Amino acid sequence: MDNSRSESFPLRRRRVVEALTQTRNDLLVIAGLGSTAWDITAAGDRDLNFPLWGAMGGAISMGLGLALAQPTKRVLVITGDGETLMGMGSLATVAMQAPQNLSICTLDNEHYGETGMQLTHTSAETDLAGVAAACGIKHSGTIRTEQELLTSLPQILEANGPVYYVIKVRAEKLDFVLPPKDGVHLKNRFRQALLGSDAIQ
Amino acid sequence: MEWWKQVYDALKQADVKQVAYVPDAGHAALISACLVDNDIQTIALTTEEEGIALLAGAWLGGVRGALLMQSSGVGNCINMLSLSHTCKFPIPIFVTMRGLWHEFNPWQNAMGQTTETALNTAGVQTLTATSPDEVGPLSHATLDQAYTGGGMSALLLHQRLMPVKTFGKGSPDDG
């Protein structure tokens, strides 16, 4: 097992998230706990971001519930490889519901970034895009380069889904860019921005 | 009225639009009714904890949901309940109980007999229905506690409401 191959992956996670969210308009974004929550915040803390600080394994399911509730809005789940592995069954649940407006991107650095950079299963033989495809998710694939990222962006942001991509990113320790951690505040600001002021009465 | 129809009516009156479940024999009729209802999105889960996160997402999107599971599934939810605990997402759960009443399978006892304690410890209020005529009012109350009170609430549907399950070893109504 190669402990260090992901240290030389060309794509950098903050650049990837910037590319995914730069044209966002009313894109609804859920981020899994840890690095991806800091990444979406580094790209600009928004009311229509829901960064998780816990609930590991829940990001994809949360995105599914939101996508089914808001079928005319694009929902993008951005999460990590460890978080995806913990809720891998939710890929089967997504495939069964097949919401057209749901895209999921796993930023895969092959490590548990918040706990000391221990290797995850994707550093060995596990292929999460293969898992998603085998679950029956309509579009799935793996992105390793800037060119592949740019080519895939229209599909991630506009194609009839569900869409699932693994985006292989460099294993690196970056500065924390922390979103608000008050869960009620995160929930209320999201609902107010999406549904209007009456939603938080 | 059969007890499960009272749950279904309560879900409809509360404007529940997403019903997520891991199946249980006790919930079978209710799941079937939800599946043929075009106003309800009925979502099969691979594990119950998915449902906690799913309902949180639905609520972010302005839609009410409810979760159906067996008592054994409650144990699968514990850490995910921290999501609704921290963010105050309304989560109504309807739990068919095992391990409490003429239980044939001793493997059900460990979780069935600790379900209420586990839920309460995780911050979920529990109500228990032991007879069919209680199910309607308690279903309404459970949904109201979640959606008006803004909390996590569970209705425990006692094993007395279900046929005794004997795995083909002696009961005419083995389910």
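Two residues are in contact if their C-beta atoms, placed from the backbone, lie within 7 Å. The structure is a predicted model, in which local features need pLDDT of at least 70, side-chain atom pairs count only at pLDDT 80 or more, and totals for chains, interfaces and linings use all residues. Residues are numbered from 1 along each chain as its sequence is written, and chains are lettered from A and ligands numbered from 1 in the order in which they are written.

**View 1. The interface between chains A and B.** In this view 30 residues of chain A are in contact with 27 residues of chain B. On the side of chain A that touches chain B, α3 (59–69), α5 (89–97) and α8 (183–195) each supply at least two residues; helices (H or I, at least four residues) and strands (E, at least two) are DSSP runs, numbered from the N terminus. By class, this side of chain A has 15 nonpolar, 13 polar and two charged residues. Ala, Val, Leu, Ile, Met, Phe, Trp, Tyr, Cys and Pro count as nonpolar, Asp, Glu, Lys and Arg as charged, and the others, Gly among them, as polar.

**View 2. The surroundings of B:L55 in the largest nonpolar core.** The core (buried Ala, Val, Leu, Ile, Met, Phe, Trp, Tyr and Cys residues joined through C-beta atoms within 7 Å) has 102 residues, of which A:I78, A:I167, B:L55, B:A56 and B:V95 touch the most other members. Neighbours within four places in sequence aside, the contacts of B:L55 are A:G65, B:Q18, B:A20, B:G65, B:L67, B:F89 and B:I91.

**View 3. The packing of α1 and α2 in chain B.** Helix α1 (residues 3–13) and helix α2 (residues 28–35) of chain B pack at an angle of about 40 degrees, with their axes 9 Å apart. The two helices are therefore oblique to each other. B:W4, B:V7 and B:Y8 of α1(B) meet B:A29, B:L30 and B:A33 of α2(B). This contact has six nonpolar, no polar and no charged residues.

**View 4. Backbone features in loops of chain A.** The peptide bond from A:G161 to A:P162 is cis, with omega near 5 degrees; A:P162 lies in the loop between α7 (146–158) and β8 (163–168). A:N25, in the loop between α1 (13–21) and β1 (28–31), has phi near 50 degrees, a positive value in a residue other than glycine. A:N25 is exposed, with 8 other C-beta atoms within 10 Å. A residue is buried if 20 or more other C-beta atoms lie within 10 Å of its own, exposed if 12 or fewer, and partly exposed in between.

Methods
Axes are lines fitted to C-alpha atoms, for helices over the stretch in contact, and angles run from 0 to 180 degrees between N-to-C directions. Angles under 35 degrees count as roughly parallel, over 145 as roughly antiparallel, 65 to 115 as roughly perpendicular and the rest as oblique.
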